[in-house]
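Here are my notes on this model, as numbered points. Please read them beside the coordinates.

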Amino acid sequence: MKLITKLLTIILVLSLTNCKDDKIQYDIDPTLKPYLESFLNKGRERGVNLTPEEDGLIMKFSNLKAPTIGLCTYSDPILVEIDKKYWEETSNYANKNDLRENVVFHELCHGLLNRGHTNATLENSEWKSVMCGGDTYMERNWNINYSGYRKEYYLDELFNIRTSAPEWSKVFTFSGDKGEIYANMDLSHPYATIKNNISYNIENGELKILRNTENDTPQNIVQLEDEITGDFYYEVSFKCRQMYSEQLSGISVGYANKEGDMSYHYFYFNENNHYNDCRYYIAHSECYGPFAEVVKPRLQTSQFNHFAVQKKDGELFFYVNNELVYRNDYEVNNTFHHFGLIIPNRSLFTTNLVQISTLQSGGSTKSSTMRKIPTTSTYIVPIEPRFVSIKGNSIY
């Protein structure tokens, strides 16, 4: 009887020891905890219930090797690491919360939903999923416009890979409805001047801008005397001969933000010689990096190409040669008064059309002319393209 009692005591001690050793590890950095809770709530709203407290999870900040900004390790328990430097870098940008949620949700999807990377694209060439990533794919960056109406789709797809393609991903041709001409640049009279190492010359109906400066700040050479309130169509037909193929050229529209500072929407491109295509970027001066990289067939850059930004019903639509490249609902202000050209350093930028059309409320139109060029206000916020990488480990 004493022997049985001793054996039972030994078994009980061993059992308690094993329970102690098998205690679930659950350690979440306080800064990351709200993102985890949001992820779990988004899942529950879509019928996906996760229990990381029961299964174990560690989330922390680490100094990851660039360009990695997030890492998921399939250990026991799952380990999610977010790059400390990236988190700090995004702190001063208007879209910081979207960027941070994007990378945290990406890594949690690896760890808690066991999803790998998927580099499929939508019809407009945007990434189909927040789960895009890996080392490289067609030399593309992993930027995703995780904001506005796009976010709802990307969240649905995150928890259900069979989610249908969204309406905003469809490509279409411009309808031709511009409204009435509000302002255009007069290119009929010869004109020549040099300012800040940039020469401007109007001849034979073309404006040639030769830029040879030391910095790469794009120039805003068009500023209306008064503001445009409501919908508009801003179009520029141009060609650009530049020294370096990786340089960016395009157009921009701007407005005064809540603090009274200027904010700009950028629409620019460069050519990818390796893949023989064009890469278009849509960005905002207050945001970290471009919203997206859109891949389209290569342009004939020795010929005039028609770039346009249309503001319609609270969205901006970006066209090249009348084909939709992108649409965006991020911070579309009601009033705009800066309409610019993005001209790279050491380049010859030639345009034969700079025009704004608009339809005022009630169908009435208003005429205006653009200031002589160059304007007294030629500086806009520098473009700082940032291409981020999101990397998650695979299960081996």
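1. Ser357 is buried, with a relative accessible area of 2%. Buried means under 20% relative accessible area, exposed over 50%, partly exposed in between (1.4 Å probe, protein chains only). Ser357 belongs to strand S19, residues 347–358. Strands (E, at least two residues) are DSSP runs, numbered from the N terminus. Beyond neighbours within four places in sequence, Ser357 is in contact (heavy atoms within 4.5 Å) with Lys178, Gly179, Glu180, Ile181, Tyr182, Phe232, Tyr233 and Glu235.

2. A word on the basis. This is a predicted model: local features need pLDDT of at least 70, side-chain atom pairs count only at pLDDT 80 or more, and totals for chains, interfaces and linings use all residues. Residues are numbered from 1 along each chain as its sequence is written, and side-chain values use heavy atoms, leaving out hydrogens and water.

3. Ile28 sits in strand S1, residues 26–28. Ile28 is buried too, at 13% relative accessible area. Outside four places in sequence, its contacts are Lys33, Leu36, Leu57 and Met59. Leu57 is 29 residues away along the chain, with 7.4 Å between the C-alpha atoms of Ile28 and Leu57.

4. Next, the cores. A nonpolar core is a set of buried Ala, Val, Leu, Ile, Met, Phe, Trp, Tyr and Cys residues joined through side-chain atoms within 4.5 Å. The largest has 44 residues; Tyr234, Ile251, Phe267, Tyr280 and Phe307 touch the most other members. Strand S10 (residues 232–242) supplies the largest share of this core, five residues. A second, separate core of 39 residues includes Leu32, Leu50, Met59 and Ile78.

Key:
Helix = DSSP H or I, 4+ residues; strand = E, 2+ residues; numbered from the N terminus.
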